[in-house]
2 protein chains.
Amino acid sequence: MDIDISSFITDFSNCCSKVQTKFFKKGEVITSYINKRNQFCILIKGKADLLRYDFNGNRTIVEHFSNNDIFGEVFYIISTNNELLVEAKSNCEVLFFIYNDIHKKCKINCKFHESVAEILPELILNKIMDLNMRIELLSKRTTREKLLSYFNIISSQKLTKSFILPFSLTDLADFLSVDRSAMMRELKLLKDDNFIKKEGNRITLLY
Amino acid sequence: MDIDISSFITDFSNCCSKVQTKFFKKGEVITSYINKRNQFCILIKGKADLLRYDFNGNRTIVEHFSNNDIFGEVFYIISTNNELLVEAKSNCEVLFFIYNDIHKKCKINCKFHESVAEILPELILNKIMDLNMRIELLSKRTTREKLLSYFNIISSQKLTKSFILPFSLTDLADFLSVDRSAMMRELKLLKDDNFIKKEGNRITLLY
DNA sequence: CATAATAAGTTGCATTTGCAACAGAAAAGA
DNA sequence: TCTTTTCTGTTGCAAATGCAACTTATTATG
């Protein structure tokens, strides 16, 4: 994605009134999915995670967001009884608006409709690709396969076989939906079997 | 989704030339994801599955499509080395077009741009909701949780606690990414623990 | 800088899951 | 209808995974 939204998104308070930008500090909750509000968010700057906690206390990192990623309640059916919340992993700048409004061009030709609404289709397509990648990972049968698939994705994104994980190992386990200690054990086995080299959070693929 | 696309989609060969409708018989391959062709499909009628076979011979039902569901290569990054293919589970009618073209309104005011292009945002939003539901299922840690989550979803969709599974049990296992015999065992345990009643492929929730 | 908090790394043990191999039931096809 | 194929249901055993508990690094924070 080559678009830098932040360069042309500054303040929409003069045009579409329901569009607003907010800032969050690391650790703060950006939004939680409770009611059906058709809320639509764009992460302009920073890193954030969509988290789910189940009754057993297990945390799942449902999605991991960075620049230009979109999220919000509008993407979720009522369904789930588990709490979903988006938490800032670093300082974040987030654009909020209501999805319903987006397609109706406002009378005044505002910046919002000129810029953001134009690129929405591309942002949405990217989101679908992310979700499909996520499904591919989660549908792998073993921890080993999940790890190797994930490493392959990172490797092909960064165009190198050696990279620092964008997650802590604790978070990676929650992202792959596996027990952390079991994952650590499997990482060691992958090292022993010469599939990977591992120095702290740097992984090098040996194949 | 209340829209019945089939009622106004018949033949686009007179307008946008690259838009076409095709028919498939049960068991036929509708498309396979190999090259990056920006192919975009709408399932007008029938049931179809997106399947992945890994090198161990495991089959995964990545997505399960019915009326108005969308799919195609445009939603996938190059990435995966596994073969992905969409197979008709019943006789199907499918609309094919290239996603790039969709936003450029053609000069002649064709039926395609009048109808399909208009409802695309809604179809896409539905797809994202489906994918999120899928991720929620797959990220459940145990077979029991996967089964119960799945049953809850079906139950709330059909507005009844008693329903016939839209999958064979074999397919359900491939959809939840678990071993079939292990799933059968867990189903029996759920029965023994009085969580469900099970008569063949009819499930009744007892809670 | 000292201290607290979080993350990495490890291990034994219990539980869950996958695998393989069946038999019987149901569905599809000739 | 008969035959073949697919699906359901079951089980023993091996392997993978989760859980709990702990130690050692590393990173925040006053």
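A: For the residue classes used below, Ala, Val, Leu, Ile, Met, Phe, Trp, Tyr, Cys and Pro count as nonpolar, Asp, Glu, Lys and Arg as charged, and the others, Gly among them, as polar. A residue is taken to be near a strand if one of its heavy atoms lies within 4 Å of it. The model is predicted, so local features need pLDDT of at least 70 and side-chain atom pairs count only at pLDDT 80 or more, while totals for chains, interfaces and linings use all residues. Residues are numbered from 1 along each chain as its sequence is written, chains are lettered from A and ligands numbered from 1 in the order in which they are written, and side-chain values use heavy atoms, with hydrogens and water left out.

The surface near DNA strand D divides into 4 nonpolar, 8 polar and 8 charged residues. Of the atoms of DNA strand D that come within 4 Å of the protein, 52% belong to sugar or phosphate and the rest to bases. Individual atom pairs can be described as polar contacts (a pair of N or O atoms within 3.5 Å; within protein, one must be able to donate a hydrogen and the other to accept it, and residues adjacent in sequence count only if both atoms are side-chain atoms). On the base side, an N or O atom in the side chain of Ser181(A) is 3.0 Å from a base nitrogen of DNA strand D. With 5 residues, α5(B) gives the most to the surface near DNA strand D.

Turning to DNA strand C, 18 residues surround it, and the closest are Leu169(A), Thr170(A), Lys198(A), Thr143(B) and Asp179(B). Sugar and phosphate account for 53% of the atoms of DNA strand C that come within 4 Å of the protein. Two arginines of chain A are placed by base oxygens of DNA strand C: a polar side-chain atom of Arg180(A) lies 2.9 Å from one, and an N or O atom in the side chain of Arg185(A) is 3.4 Å from one. For Lys188(A), an N or O atom of the side chain is 3.1 Å from a phosphate oxygen of DNA strand C. Here α4 (169-176) and α5 (180-192) of chain A, together with α5 (180-192) of chain B, each supply at least two residues, and the largest share, 5 residues, comes from α5(A). By class, the surface near DNA strand C has 4 nonpolar, 7 polar and 7 charged residues.

Next come the two chains against each other. With contact meaning heavy atoms within 4.5 Å, 38 residues of chain B are in contact with 38 residues of chain A. The two chains bury about 3400 Å² between them, 59% of it on carbon and sulfur atoms, buried area being the accessible area (1.4 Å probe) that two parts lose on being put together, summed over both. In chain B, Asn132(B), Ile135(B) and Arg141(B) lose the most area to chain A, together 20% of what that side buries. The rule for a salt bridge (a side-chain nitrogen of Lys or Arg within 4 Å of a carboxyl oxygen of Asp or Glu) finds 2 across this interface. Arg141(A) forms a salt bridge with Asp174(B), the closest N and O atoms being 3.9 Å apart.

Within chain A, the domain assignment, automatic or from a database, gives domain 1 (5-130) and domain 2 (143-205). Between these domains there are 3 salt bridges; Arg59(A) forms a salt bridge with Asp174(A), the closest N and O atoms being 2.7 Å apart.

Conventions: Helix = DSSP H or I, 4+ residues; strand = E, 2+ residues; numbered from the N terminus.
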